[in-house]
Amino acid sequence: MKFFLDTAIVDEIRKANEFGILDGVTTNPSLVYKSGRPFKDVLTDICKIVDGPVSAEVTTLTAAEMVKQGLELAKIHKNIVVKLPMTEEGVKACKQLSGKGVKINATLIFSASQALVMAKAGASYVSPFIGRLDDISEDGMCLIDDIREIFDNYDIKSEILAASIRHPMHIVECAKAGADIATMPYTVFQQLFKHPLTDVGLKKFMDDWDKAKK
Ligand code: E4P
């Protein structure tokens, strides 16, 4: 499973990238706002750090505007993936932009039917939002299972990009369910590495090694 970071904070991306296991980045308007920096500057910086897909979301609502903005965003760097919302206009824009060779990440996916529609419209990635479903007492992971089954039934090549990840067990469950990618906040990325028994075990090994040298 590929690991993406879900952030517009360049410092977090730089730190995560040092491990050599980061495959891409997703951003959204709220994350860009949180970064406090201009959208284009943030995207340019991210593309310099990570050699992989970088999702940049349109901030327009009609298909014509989305296509225009998507083409502009795609010019920033060859790794830019245009993020389109799952709306009727978004579907039209997806069909048009993917037809022009622009890679699309369909965002705000909350049902398997939405994922199927966007895949048919040519999206390279579909982003089911697990955490936001869990937040309203629905089972986000069931959605990953359903989309995996449907895509496998028809050999659909769109990648399942599990989004709205809240904790490390979401990553584990997504991996078991066969999500192609998980995009996660930097805090969750860090949590993936941790186990208290690793720390306890290492301390004991180091203490004993000190004693053995004496
Ligand atoms: C996905 O690409 C979105 O940016 C993101 O995962 C949304 O997550 P949230 O529900 O934590 O805002």
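Which side chain does Asp207 join in a polar contact of 2.8 Å? I looked it up, and the partner is the side chain of Lys203. For the term I used this rule: a polar contact is a pair of N or O atoms within 3.5 Å; within protein, one must be able to donate a hydrogen and the other to accept it, and residues adjacent in sequence count only if both atoms are side-chain atoms.

**Entry: conventions.** I noted that this is a predicted model, where local features need pLDDT of at least 70, side-chain atom pairs count only at pLDDT 80 or more, and totals for chains, interfaces and linings use all residues. Residues are numbered from 1 along each chain as its sequence is written, and side-chain values use heavy atoms, with hydrogens and water left out.

**Entry: the chain.** I counted 11 helices and 8 strands in the protein chain; these are DSSP runs numbered from the N terminus, with helices as H or I of at least four residues and strands as E of at least two. Along the principal axes, the C-alpha atoms fill a box of roughly 75 × 40 × 30 Å. Of the 214 residues, 45% are buried. Buried means under 20% relative accessible area, exposed over 50%, and partly exposed in between (1.4 Å probe, protein chains only).

**Entry: Asp207 and Cys142.** I placed Asp207 in helix H11, residues 196–213. Asp207 counts as partly exposed because its relative accessibility is 31%. Cys142 is in helix H8, residues 140–153, and it also counts as partly exposed, at 35%. From Cys142 to Pro29 I read 27 Å, C-alpha to C-alpha, across 113 residues of sequence.

**Entry: the ligand.** I listed the residues around the ligand: Asp6, Thr26, Asn28, Lys83, Phe129, Arg132, Ala163, Ser164 and Arg166. The criterion is a residue heavy atom within 4 Å of the molecule. By class, this shell has 2 nonpolar, 3 polar and 4 charged residues. Here Ala, Val, Leu, Ile, Met, Phe, Trp, Tyr, Cys and Pro count as nonpolar, Asp, Glu, Lys and Arg as charged, and the others, Gly among them, as polar.

I then checked distances to ligand oxygen atoms. The side chain of Lys83 has an N or O atom 2.7 Å from one. For an N or O atom in the side chain of Arg132, the value is 2.7 Å. A polar side-chain atom of Ser164 is 2.7 Å from a ligand oxygen. The ligand taken alone exposes 340 Å², of which the protein buries 85%; the areas come from the Shrake-Rupley method with a 1.4 Å probe.

**Entry: His170.** Is His170 buried or exposed? His170 counts as buried because its relative accessibility is 4%. It lies in helix H9, residues 168–177. Its side chain has a 2.8 Å polar contact with the side chain of Asp134. A polar atom of the His170 side chain is also 3.0 Å from the backbone nitrogen of Arg166, a residue of the ligand shell.

Entry: I found Thr27 in the loop between strand S2 (24–26) and helix H2 (29–35). Thr27 is buried, with a relative accessible area of 1%. A polar atom of its side chain lies 2.7 Å from the backbone oxygen of Ser55. Gln69 is in helix H4, residues 63–76, and counts as buried at 19% relative accessibility. Gln69 and Val58 are 11 residues apart in sequence, with 6.4 Å between their C-alpha atoms.
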